[in-house]
Amino acid sequence: MNISTLPFLEAWSPEITVDQILHILGADPYILRKRNARAVAIAEEALATGLRLLTPAVTYRRWMVKSLRHERLVLENDSYLSGPLIAQHLYAAQELAVAVCTIGEAVEKAASETFADDPAYSMALDCFGSLAADMLGAAACHYIESSAELEGKKTTIPLSPGLLGWPVTYGQRELFMLVDADNIGVHLNESCMMIPHKTTSIVVGIGTDVDQQGQMCDYCNMRDVCRHRGYHD
Ligand code: SF4
């Protein structure tokens, strides 16, 4: 099932504020509003343009889990996810929900095209795109959690390739074997980066005995310096 057809996505628009964009850019919005009206105006323009350029899409699928052996979680079609992070969080999962969520390529294209003439605006637009992709991923997670809840099941925290214990180099390829990402215009390049870049990929374990161990950011090596913390939730 592709959830790009579900009502939550059709009505979805990220609740991003100018202050959030300024914060991600490294500024204190309170101080900046007093001292730098130009910077605030740039962030406002980036927000308005970014919202117009969004073309959100999500591809999603649930798989039954067959077995877990030696840190390898094998699914009903004999595909698998592997690594210590997978074993730690998904050991009790009966099912797996897999989603790739993108805001499309227009925002990053506009950011790239304006960088030479207006780098501040370009960076603000890029920040908007990253925030929107994070929030779309969070919306997909909420959908997965609510669906599981209706079935009387629990969910793990979302896991993404690149977190500690699930390297991008093989994690992203494992995940992309489980969804039809072409369907929403997303592919992996040779370095396993997702194209368009403003895309998130997640797996969530579902079952009656799974547990939530911490939060996604706890397992990220950027956690001490990242300004995006909290936007996955
Ligand atoms: S620390 Fe930052 S990059 Fe890492 S998972 Fe959290 S929000 Fe994402």
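**Helix packing, backbone and surface in a predicted model**

Colleague: In this predicted model, is the crossing in which α4 passes α7 left-handed or right-handed?
Modeller: The two partners are helix α4, residues 37-53, and helix α7, residues 119-150. Where α4 passes α7, the crossing is right-handed.

Colleague: How are α6 and α7 oriented to each other, roughly parallel or roughly antiparallel?
Modeller: Helix α6 covers residues 106-114, and its crossing with α7 is left-handed. The axes of α6 and α7 are 8 Å apart, with a packing angle of about 165°. Because angles over 145 degrees count as roughly antiparallel, the orientation of α6 and α7 is roughly antiparallel.

Colleague: Is Glu108 buried or exposed?
Modeller: Glu108 belongs to helix α6, and its C-alpha atom is separated by 20 Å from that of Val40, a residue 68 positions away along the chain. The relative accessibility of Glu108 is 17%, and a residue under 20% counts as buried. Glu108 is therefore classed as buried.

Colleague: Which residues form a nonpolar patch on the surface together with Met123?
Modeller: Met123 lies in helix α7 and is partly exposed, with a relative accessible area of 43%. The patch has about 280 Å² of accessible area in total, and the residues that form it with Met123 are Leu25 and Phe115.

Colleague: Is Cys192 buried or exposed, given its positive phi?
Modeller: Cys192 sits in the loop between β6, residues 187-188, and β7, and its phi is about 65° although the residue is not a glycine. Its relative accessibility is 4%, and values under 20% count as buried. Cys192 is therefore buried.

Colleague: What is the relative accessible area of Asp78?
Modeller: Asp78 is placed in the loop between β2 (72-75) and β3 (80-82), and its phi is near 70°, a positive value in a residue other than glycine. Asp78 is classed as partly exposed, and its relative accessible area is 47%.

Colleague: Which residue is joined to Ile195 by a cis peptide bond?
Modeller: The omega angle of this bond is about -5°.

How values were computed. Residues numbered from 1 in each chain as written. Predicted model: local features only at pLDDT ≥ 70, side-chain atom pairs only at ≥ 80, totals over all residues. Heavy atoms only, no water. Patch = residues over 30% accessible without salt bridge, like charges linked within 9 Å, V, L, I, M, F, W, Y side chains within 5 Å. Areas by Shrake-Rupley, 256 points an atom, 1.4 Å probe, with all protein chains shown as cover. Salt bridge = Lys/Arg side-chain N within 4 Å of Asp/Glu carboxyl O. Helix = DSSP H or I, 4+ residues; strand = E, 2+ residues; numbered from the N terminus. Buried < 20%, exposed > 50% of the residue type's maximum accessible area, 1.4 Å probe, protein only. Axes fitted to C-alpha atoms, helices over the stretch in contact; angles between N-to-C directions. Left-handed = near helix turned anticlockwise from the far one by under 90°. Parallel < 35°, antiparallel > 145°, perpendicular 65-115°, else oblique.
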